[in-house]
Amino acid sequence: MTTATDAPVVRVTRRRAQTRARLLDAAFAVFAAAGFGQASIEAVCDAAGYSRGAFYSNFTDLDELFFALYDDRAGLIAGQLAASLAIEGAPEPSVAELVARVTEVLLLDRDWLLVKTEFLLHAARRPTVAEALARHRTALREAVAARLRELAAHHPLPPVLGDADSAAAAVVAVYDGVTVQLLLDRDTDAARAWLRRLLTALLTQPAR
């Protein structure tokens, strides 16, 4: 049962979550429009309609805010992979069919790719930030590897890829490469088509 003393805590927690969500949305808009390197805490606060105090009650700096955005997008991608690779009923879909499912829904948002690429350059010049980004990218690869292990139960991975962890690294590398081209040509349909073709070729290599 919720008591009178519990209620204020619930309201504060909900309000804090809403504040954090608005700051994240505002930061994404500011980063995409101005570039991560040109963004400021003041600009994010203005876009969200909050004071600096609200910012610092949720994040220590813009780097921490970016990592919150990164984890949000990584969670979205992991969820898309899980849903797309779910195998239910019979007959079991082929690898090509599963890849088509994934690439149909996988996040290919150019604004996010711009923000992520700019932050990568920012992190590359700052060893501590680079180490933190590597940890976050590892978490995403582990989520991909988990899905590939499920896939391998029905469709063994090509031997050349090694285990699921190595295969996940290859899949992420393909995704990174295709999204770089998307930044240049702005053609999302072409990016999805190339991603589908490359992942299908990668995951269906014949045994040698």
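Which helices each supply at least two residues of the lining of the largest cavity? In this predicted model, the helices that do so are H4, H5, H7, H8 and H9.

The secondary structure of the chain consists of nine helices and zero strands, and the order along the sequence is accordingly written α-α-α-α-α-α-α-α-α. The C-alpha trace extends about 60 × 50 × 30 Å along its principal axes. The chain has 208 residues, of which 40% count as buried. Among contacts with a separation of 6 or more, 68% are accounted for by residues 24 or more positions apart.

The largest nonpolar core has 63 residues. Within this core, the residues with the most contacts are Phe-31, Val-44, Leu-65, Phe-66 and Leu-148. At least two core residues are supplied by each of helix H1 (6–34), helix H2 (41–48), helix H4 (62–85), helix H5 (95–105), H6, H7, H8 and helix H9 (188–203). The largest share, eleven residues, comes from H4. The surroundings of Leu-65 give an example of the packing in this core. When neighbours within four places in sequence are left aside, Leu-65 is in contact with Leu-23, Leu-24, Ala-27, Phe-31, Val-44, Phe-55 and Phe-59. Two of these partners, Phe-31 and Val-44, are themselves listed with Leu-65 among the core residues with the most contacts.

A search of the whole structure finds two cavities of 30 Å³ or more. The largest cavity holds about 250 Å³ of space. Its lining is made up of 19 residues, and those nearest the centre are Leu-81, Val-102, Val-144, Val-171 and Leu-199. Helix H7 gives the most to this lining, with five residues. By class, the lining of the largest cavity comprises 18 nonpolar residues, no polar residues and one charged residue.

The second largest cavity contains about 120 Å³ of space. The residues that line this cavity are Tyr-70, Arg-73, Ala-74, Ile-77, Trp-112, Lys-116, Arg-137, Leu-140, Arg-141, Val-172, Tyr-175 and Asp-176. Helices H4, H6, H7 and H8 each supply at least two residues of the lining, and the largest share, four residues, comes from H4. The lining of the second largest cavity divides into seven nonpolar, no polar and five charged residues.

An open space was also identified. About 170 Å³ lies in the largest pocket, which is lined by Tyr-70, Leu-113, Lys-116, Thr-117, Phe-119, Leu-120, Leu-133, Arg-137, Asp-176, Thr-179, Val-180 and Leu-183. Two or more of these residues are given by each of H6, helix H7 (127–152) and helix H8 (164–185). Helix H6 provides the largest share of the pocket lining, five residues. The lining of the pocket has seven nonpolar, two polar and three charged residues. Tyr-70, Lys-116, Arg-137 and Asp-176 line both the largest pocket and the second largest cavity.

The buried residues of H6 are Trp-112, Leu-113, Val-115, Lys-116, Phe-119, His-122 and Ala-123. In general, an α-helix has 3.6 residues a turn, so residues three or four places apart point the same way.

Val-178 is located in helix H8 and counts as buried because its relative accessibility is 8%, under the 20% cut-off. Apart from residues up to four places away in sequence, Val-178 touches Ala-191, Trp-194, Leu-195 and Leu-198. Val-178 and Arg-192 are separated by 14 residues in sequence, and their C-alpha atoms are 8.4 Å apart in space. Arg-186, by contrast, is found in the loop between H8 and H9. Arg-186 is exposed because its relative accessible area, 59%, is over 50%. Most residues other than glycine have a negative phi. Arg-186 is not a glycine, yet its phi is positive, at about 60°.

Conventions:
Residues are numbered from 1 along each chain as its sequence is written. This is a predicted model: local features need pLDDT of at least 70, side-chain atom pairs count only at pLDDT 80 or more; totals for chains, interfaces and linings use all residues. Side-chain values use heavy atoms; hydrogens and water are left out. Buried means under 20% relative accessible area, exposed over 50%, partly exposed in between (1.4 Å probe, protein chains only). On a 1 Å grid over the protein atoms alone, a cavity is a set of points where a 1.4 Å probe fits but cannot get out, and a pocket is an open set with protein on both sides within 12 Å along at least five of seven lines; lining residues have an atom within 4 Å of a point. Grid points are joined across faces, edges and corners, and a volume is the space filled by probe spheres set on the points. Ala, Val, Leu, Ile, Met, Phe, Trp, Tyr, Cys and Pro count as nonpolar, Asp, Glu, Lys and Arg as charged, and the others, Gly among them, as polar. A nonpolar core is a set of buried Ala, Val, Leu, Ile, Met, Phe, Trp, Tyr and Cys residues joined through side-chain atoms within 4.5 Å. Contact means heavy atoms within 4.5 Å.
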